[in-house]
Amino acid sequence: MNKITISGVIGFGEVDADEIINQLESFNGDLVVELDSVGGSVVSGIKIANAIRDYRAKGNNVEILGGAVVASIATYIAMQGTSFTVRDNTTFMIHNAYLPVIGDYVKLRKMAEISEGLSTILAKDYSKKSKIDEKEIKALMSEE
């Protein structure tokens with residue numbers, strides 16, 4: 001059985017999206033992903049999620065196992081598996097997309113729009129996977 005471990009902060013020098021993608025490209029058949037992450041870069045997380053989604057689309061089963069924490073963008077990665085299992089002591093936390101922003105009011109407004117758009121992308125997938133209404137998911141994301 002193929003196995004990938006995603007442990008640590010996604011992007012920012014810890015969990016490298018391109019490394020995960022390269023691993024997936026070398027695999028064939030079912031996959032287990034051990035996921036233990038507080039989250040990290042939204043863009044890197046989406047790259048990993050898309051790679052897992054593409055791997056699954058080839059007819060492979062992808063079992064994702066949650067570790068101590070599955071939070072932020074790591075939860076989006078978790079949604080891409082054929083199955084996702086958490087332990088009874090796994091912390092699972094969703095929230096709106098965070099973006100590092102410095103700038104004037106024009107830049108802040110633009111980044112707020114981008115954050116809202118990314119959050120909507122995440123909410124749609126959470127809703128689809130969980131069968132919870134998207135509006136309710138968005139409220140949960142706003143509450144963290």
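Modeller: A residue is buried under 20% relative accessible area, exposed over 50% and partly exposed in between, with a 1.4 Å probe and protein chains only. By that criterion, buried residues make up 43% of the 144 residues in the protein. This is a predicted model, in which local features need pLDDT of at least 70 and side-chain atom pairs count only at pLDDT 80 or more, while totals for chains, interfaces and linings use all residues. Residues are numbered from 1 along each chain as its sequence is written, and side-chain values use heavy atoms, with hydrogens and water left out.

Biologist: What makes Glu 116 exposed?

Modeller: The relative accessible area of Glu 116 is 56%, and exposed requires over 50%, so Glu 116 is classed as exposed. This residue is found in helix α4; helices are DSSP runs of H or I with at least four residues, strands are E runs of at least two, and both are numbered from the N terminus. The C-alpha atoms of Glu 116 and Ala 97 are separated by 7.2 Å, although the two are 19 residues apart along the chain.

Biologist: Why is Lys 131 called exposed?

Modeller: Its relative accessible area is 73%, so Lys 131 is exposed. Lys 131 is placed in the loop between α4 and α5, and its phi is near 65°, a positive value in a residue other than glycine. Most residues other than glycine have a negative phi.

Biologist: How many helices and strands are there, and in what order do they run?

Modeller: The protein has five helices and five strands, arranged from the N terminus as β-α-β-α-β-α-β-β-α-α.

Biologist: Why is the protein described as compact as a globular protein of that length?

Modeller: The radius of gyration, taken over C-alpha atoms, is set against a globule rule of 2.2 Å times the number of residues to the power 0.38. The value is 15 Å, close to the 15 Å that the rule gives for 144 residues, so the protein is as compact as a globular protein of that length.

Biologist: Which residues touch the most other members of the largest nonpolar core?

Modeller: A nonpolar core is a set of buried Ala, Val, Leu, Ile, Met, Phe, Trp, Tyr and Cys residues joined through side-chain atoms within 4.5 Å. The largest has 36 residues, and Ile 6, Leu 24 and Ile 48 touch the most other members. Helix α2 gives the most to this core, with seven residues. Leaving aside neighbours within four places in sequence, Ile 48 is in contact (heavy atoms within 4.5 Å) with residues including Ile 6, Val 15 and Ile 77.
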